[in-house]
Amino acid sequence: MSLWCELVPQAELTINHLRPYSLQPLLSAYEGFHGKKFDFLAHPIHPPGTKVVILDPVHTRESWAPHGLDGFYLGPALDHYQSYRVYVSLTKSFRISDSLSWHPT
């Protein structure tokens, strides 16, 4: 419950794509504010709160070690290319990663 505030940036991003820009109704509010369309290829969006595993690179983990850390998706990392903001349950911290395994159920 204490992490609801971390979902606000993605909620704003989603709402700004759904609402029209008041000065030009044919544009989304995001495009009206930022002057360009959102690049979904550079910053993919998934359902917030989805369970993920942050995958560790093969060369940094032991042979039989776990493949990653469990966490929850919070939103896209807009300062990084195709990366995601994730809350890591074990360390109770946030991490940005580009290699995730998605487990929606």
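This is a predicted model: local features need pLDDT of at least 70, side-chain atom pairs count only at pLDDT 80 or more; totals for chains, interfaces and linings use all residues.
Trainee: What makes up the protein chain, read along the sequence?

Mentor: The chain has two helices and five strands, and their order is α-α-β-β-β-β-β.

Trainee: Why is Glu 6 said to form a salt bridge with Arg 85?

Mentor: The term asks for a side-chain nitrogen of Lys or Arg within 4 Å of a carboxyl oxygen of Asp or Glu. For Glu 6 and Arg 85 the closest N and O atoms are 2.6 Å apart, so the pair meets that limit. In general, side chains of opposite charge can pair when their charged atoms come close.

Trainee: Which parts of the chain does this pair link?

Mentor: Distant ones: Glu 6 lies in the segment before helix H1 (8–18), Arg 85 lies in strand E3, and the two are 79 residues apart. A search of the whole structure finds one salt bridge.

Trainee: Why is Glu 6 called partly exposed?

Mentor: Glu 6 has 21% relative accessibility. Buried means under 20% and exposed means over 50%, so Glu 6 falls in between, as partly exposed. Arg 85 is also at 21%, so Arg 85 counts as partly exposed too.

Trainee: What makes the largest nonpolar core?

Mentor: Seven residues: Val 52, Ile 54, Tyr 73, Tyr 84, Val 86, Val 88 and Leu 100. Strand E1 (51–55) and strand E3 (84–88) are the elements that give two or more residues to this core, and E3 has the largest share, with three. As a general matter, nonpolar side chains in soluble globular proteins tend to be buried together.

Trainee: Which residues does Val 86 touch, leaving out those up to four places away in sequence?

Mentor: Among them are Val 52, Ile 54 and Leu 100, along with Gly 71, Phe 72 and Phe 94.

Trainee: How do you know that E1 and E2 pair?

Mentor: Pairing needs at least two bridges between the strands. E1 and strand E2 (residues 68–76) have five bridges, in the antiparallel sense, so they count as paired. Here Lys 51 stands opposite Phe 72 in E2. Five bridges also join E2 to E3, again antiparallel, and there Pro 76 stands opposite Tyr 84 in E3.

Trainee: How does the radius of gyration of the protein chain stand against that of a compact globule?

Mentor: A compact globule of 105 residues would have a value near 13 Å, but this chain has 16 Å. The C-alpha trace spans about 55 × 30 × 25 Å along its principal axes.

Note on methods. Residues are numbered from 1 along each chain as its sequence is written. Side-chain values use heavy atoms; hydrogens and water are left out. A nonpolar core is a set of buried Ala, Val, Leu, Ile, Met, Phe, Trp, Tyr and Cys residues joined through side-chain atoms within 4.5 Å. Buried means under 20% relative accessible area, exposed over 50%, partly exposed in between (1.4 Å probe, protein chains only). Helices (H or I, at least four residues) and strands (E, at least two) are DSSP runs, numbered from the N terminus. Contact means heavy atoms within 4.5 Å. The radius of gyration is taken over C-alpha atoms; the globule rule is 2.2 Å times the number of residues to the power 0.38.
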